[in-house]
Amino acid sequence: MATVVLKDVGKSYGDVVISKNINMEINDGEFVVFVGPSGCGKSTLLRMIAGLEDITTGELTIDGKRMNEIPPSERDIGMVFQSYALYPHFTVEDNMSFGLKLAGHKKNEIKPKVSDVAEVLQLKHLLDRKPKALSGGQRQRVAIGRTLVADPGVYLLDEPLSNLDAGLRVQMRIEISRLHKRLKKTMIYVTHDQVEAMTLADKIVVLDAGYIAQIGKPLELYHYPQNRFVAGFIGSPKMNFLPVKVTAIEPDRLEVELPSPNKKRAWIPVDTTGVKPDSIVSLGIRPEHLLPAELGDVTLEGNITVVEQLGNETQIHIDIPSIKSQLVYRQNDVILVEEGTEFSVGLPLHRCHIFKEDGTACRRLFKELGV
């Protein structure tokens, strides 16, 4: 068992606050991802769990035992860093077994463990090689293997794929996911890449300037963000935001005036608690939820500024003159359009989000399939 609980955890350096009021419970066997922009405090939070940073306020427990004063070596955790940190003069086998040797394990205990982990990570044929003879992906697997042989209760992974190229990142992401399913151990993973977060996590913790912006399953965060920050961070390309004026309010929907020359109006099905009449709110719509003009409930018109042809999909950037802002339209397959021409997109009202003046979301009343 390895349940990690943080209660009112905070970290500061003098007057500089890095993390504040962090409350979460990570259940045994969960794969939890800390995600957020650079400087949001995700690596600091991981280092506090590891014991590499002191906790300024609050309490950390692992399996019910207070860990604030416990040194890293006694926390039953294993850590994989962004840097491989391999000994260049050691072989793969020596790198993987070094921690066990330091801990006083016998040779006849170490060799089977290294062999088993090497089999899992497809490194068995490389055990006699040194790091300079390995690819980036192989080196990262060795770094992960070094942690696996210790068999800790909690695995901490601090941006382990950021040094790899795009193809290797995808491959290693799949391998880490398979590894978690096989080991069924608690894993806490830090990344700034929301694609990694969405594909790996059982639960995502989105951090913003040291605070928790939202905790939830990947699809919950995607379909039901609690605030504009989460809505803009989760999803690639990020969610489109349009300033709209509230013109009428009912308990389960509100009418807004869209940014168009003829001032089109539309009813959005959301919980309107806390929305003020005549206020300017943000209407959010994901690029992939926009439709061809003839299929939408209402249309928005603009001029194409950029077309990104990716083969499997097309992303069209549209300038909306009335708000001096851009809208990104994303659709599968190839759409043959030219930059500088006029273009219209359809707005499906049941897919729209509304964010109040303070950035908090109005609860969406449309239920997404399976969420």
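This report describes the sheets, helices, cores and selected residues of a predicted model.

Residues are numbered from 1 along each chain as its sequence is written, and side-chain values use heavy atoms, with hydrogens and water left out. Because the model is predicted, local features need pLDDT of at least 70 and side-chain atom pairs count only at pLDDT 80 or more, whereas totals for chains, interfaces and linings use all residues.

## The annotated span and its sheet

An unreviewed UniProt entry carries the annotation "domain: ABC transporter" for residues 4-234. UniProt positions are given in the numbering used here, feature names are shortened, and annotations may be inferred rather than shown by experiment. The span is 36% helix and 26% strand, and its end C-alpha atoms lie 25 Å apart. Helices (H or I, at least four residues) and strands (E, at least two) are DSSP runs, numbered from the N terminus.

Six strands form an open sheet of mixed pairing, in the order E6-E7-E8-E3-E9-E10; two strands pair if DSSP finds at least two bridges between them. Strand E6 (77-80) and strand E10 (211-216) stand at the edges with a single partner strand each, so one side of each has no neighbour in the sheet. From one strand to the next, the twist averages 15°. Axes are lines fitted to C-alpha atoms, for helices over the stretch in contact, and angles run from 0 to 180 degrees between N-to-C directions.

Val32 stands opposite Ile188 in E8, and its bridge partner in E9 is Lys203. The table lists strand pairs from both sheets of this report.

| Strand pair | Sense | Bridges |
|---|---|---|
| E6 and E7 (residues 154-158) | parallel | 4 bridges |
| E3 and E8 (residues 186-191) | parallel | 5 bridges |
| E3 and E9 (residues 203-208) | parallel | 4 bridges |
| E14 (residues 280-285) and E20 | antiparallel | 3 bridges |

Helix H4 (residues 136-148) lies across E6 and E7 and runs at about 170° to E6.

## Helix H1 and Lys42

Helix H1 (residues 42-50) is mostly covered, with 7 of its 9 residues buried. The buried residues of H1 are Lys42, Thr44, Leu45, Leu46, Met48, Ile49 and Ala50. Gly51 follows H1 and has a positive phi, near 95°.

Lys42 belongs to helix H1 and counts as buried, at 5% relative accessibility. Leaving aside residues up to four places away in sequence, Lys42 touches Phe34, Val35, Gly36, Pro37, Glu159, Val190, Thr191, His192 and Leu207; contact means heavy atoms within 4.5 Å. From C-alpha to C-alpha, Lys42 and Val4 are 16 Å apart in space, and they are 38 residues apart in sequence.

## Nonpolar cores

A nonpolar core is a set of buried Ala, Val, Leu, Ile, Met, Phe, Trp, Tyr and Cys residues joined through side-chain atoms within 4.5 Å. The largest has 44 residues, and Met96, Tyr189 and Val206 have the most contacts inside it. Val206 touches Val35, Tyr211, Ile212, Ala213, Gln214, Leu221, Phe229, Val230 and Ile234, not counting residues up to four places away in sequence. Another core, of 31 residues, lies apart from the largest one and includes Val246, Leu254, Leu283 and Ile320.

Five strands form an open sheet with antiparallel pairing, in the order E13-E12-E11-E14-E20. Its edges are strand E13 (265-268) and strand E20 (353-355); each has a single partner strand, so one side of each is left without a neighbour in the sheet. With direction ignored, neighbouring strands of this sheet are turned by 45° against each other on average. Ser282 stands opposite Phe355 in E20.

## Cysteines

A search of the whole structure finds 0 disulfides, a disulfide being a pair of cysteine sulfur atoms within 2.5 Å. Cys352 is in no disulfide, and the nearest cysteine sulfur, that of Cys362, is 12 Å away. Cys352 is buried at a relative accessible area of 1%, and Cys40 is buried at 2%.

How values were computed
Buried < 20%, exposed > 50% of the residue type's maximum accessible area, 1.4 Å probe, protein only.
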